[in-house]
Amino acid sequence: MRTTTIGDVKILLPDLEPDDLDTTTNLADGLTEALVEGAAWHGSHLEDVTFRSSQITGVDLSESTWEAGSLYGCEITRTDFSGATLTGITIERCAIIGSRFTGTRLTDVRLKDVLFDGCRFDYATLHRVTAAGSVAFTNCTFTNGAWSSCRLPRIALQSCDLAGLELDSCHLDGADLRGSRLRDLKTPLDNLRGLTLGEDQLPDLTRLALAALDLTVRNN
């Protein structure tokens, strides 16, 4: 069993052997124990499709639409989801590395034992995204994105850039944001309840509080 620990979050990861996978670029009705490299699936429409126990590298899924279905036990690297719409899918026991979600729309997505490492979520929107288990984002960019009505308690957001990210009615209680950039984060203070932060983040938190409360600080 392969695991990794980010802060206090322990994540169960896929344990794949490439030699045991079947090479393919055929999406067909989904993927099971597949090895996919460099496939061009731009604009694909997927409905109730499952990717299971597969290794996916350098694939173009930009502008695609994926409704229902799931990603389970997959390792996804340098894959482009830019402009895609993901609705009602479950992502479980997956490692997603160096992939692009620029402008992607994720709605009613359920996450469990998922690691996002070095991914770009700039201008992405997350709506009603839920963490049903361990989830971590490391070295990810969320600039100018928007999260609304998300339930992501106890996730890890470490060494991420949150500049310009808008939070609305989100539950992040117990989330670990140590090492992440909070400057220019756009959020009511209620969305920050119960977070774990580092001492070096206190100046950014102070600026957020001053802006949220419309306070003016003067020197005598």
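**A chat about contacts, rings and strands**

Q: Leaving aside its neighbours within four places in sequence, which residues is Thr-102 in contact with?
A: Setting those neighbours aside, Thr-102 touches Ser-82, Gly-83, Arg-120 and Asp-122. Keep in mind that this is a predicted model.

Q: Where is Thr-102 found?
A: Thr-102 sits in the loop between β13 and β14 (105-107).

Q: What does the side chain of Thr-102 make a polar contact with?
A: The partner is the side chain of Asp-122, at 3.0 Å.

Q: Rings next. How many aromatic pairs are in the whole structure?
A: The search finds 11 of them.

Q: Take Phe-81 and Phe-101. Is that pair stacked or edge-to-face?
A: Stacked, because the ring centres are 4.8 Å apart and the planes are at 5 degrees.

Q: Where do those two lie?
A: Phe-81 is in the loop between β11 (75-77) and β12 (85-87), and Phe-101 is in the loop between β13 and β14. The pair therefore ties together parts that are 20 residues apart in sequence.

Q: Buried or exposed, Phe-81 and Phe-101?
A: Phe-81 is buried, and Phe-101 is too.

Q: What about Phe-121 and Phe-137, stacked or edge-to-face?
A: Edge-to-face, because their planes are at 80 degrees, with the centres 5.8 Å apart. This pair links distant parts of the chain, 16 residues apart. Phe-121 is in the loop between β15 and β16 (125-127), while Phe-137 is in strand β18.

Q: Why does Phe-121 count as buried?
A: Because its relative accessibility is 2%, and buried means under 20%. Phe-137 is buried as well, with a relative accessible area of 2%.

Q: Which residues do ring pairs link into a cluster?
A: Phe-81, Phe-101, Phe-116, Phe-121, Phe-137, Phe-142 and Trp-147.

Q: On to the largest nonpolar core. How many residues does it have, and which have the most contacts inside it?
A: The largest core has 57 residues. Those with the most contacts inside it are Phe-51, Phe-116, Phe-137, Phe-142 and Trp-147.

Q: Which elements give two or more residues to this core?
A: They are β5 (34-37), β13 (90-97), β15 (110-117) and β18 (135-138).

Q: What other core lies apart from it?
A: Another core, of eight residues, lies apart from the largest one. Its members include Ile-11, Leu-13, Ala-136 and Ala-156.

Q: Back to strands. In which sense do β13 and β15 pair?
A: They pair in the parallel sense, over seven bridges. Within that pairing, Glu-92 stands opposite Lys-112 in β15.

Q: Over how many bridges do β15 and β18 pair?
A: Four, in the parallel sense. Asp-117 has Thr-138 in β18 as its bridge partner.

Q: And β15 with strand β17 (residues 130-131), how many bridges there?
A: Two bridges, and the sense is parallel. Leu-111 has Ala-131 in β17 as its bridge partner.

Q: Is Cys-170 buried or exposed?
A: Buried, because its relative accessibility is 8%.

Terms used: Residues numbered from 1 in each chain as written. Predicted model: local features only at pLDDT ≥ 70, side-chain atom pairs only at ≥ 80, totals over all residues. Heavy atoms only, no water. Core = buried A, V, L, I, M, F, W, Y, C linked by side-chain atoms within 4.5 Å. Buried < 20%, exposed > 50% of the residue type's maximum accessible area, 1.4 Å probe, protein only. Polar contact = N/O pair within 3.5 Å; in protein donor to acceptor, adjacent residues only side chain to side chain. Contact = heavy atoms within 4.5 Å. Phe/Tyr/Trp six-rings, centres within 6.5 Å; stacked < 30°, edge-to-face > 60°. Pairing = 2+ DSSP bridges.
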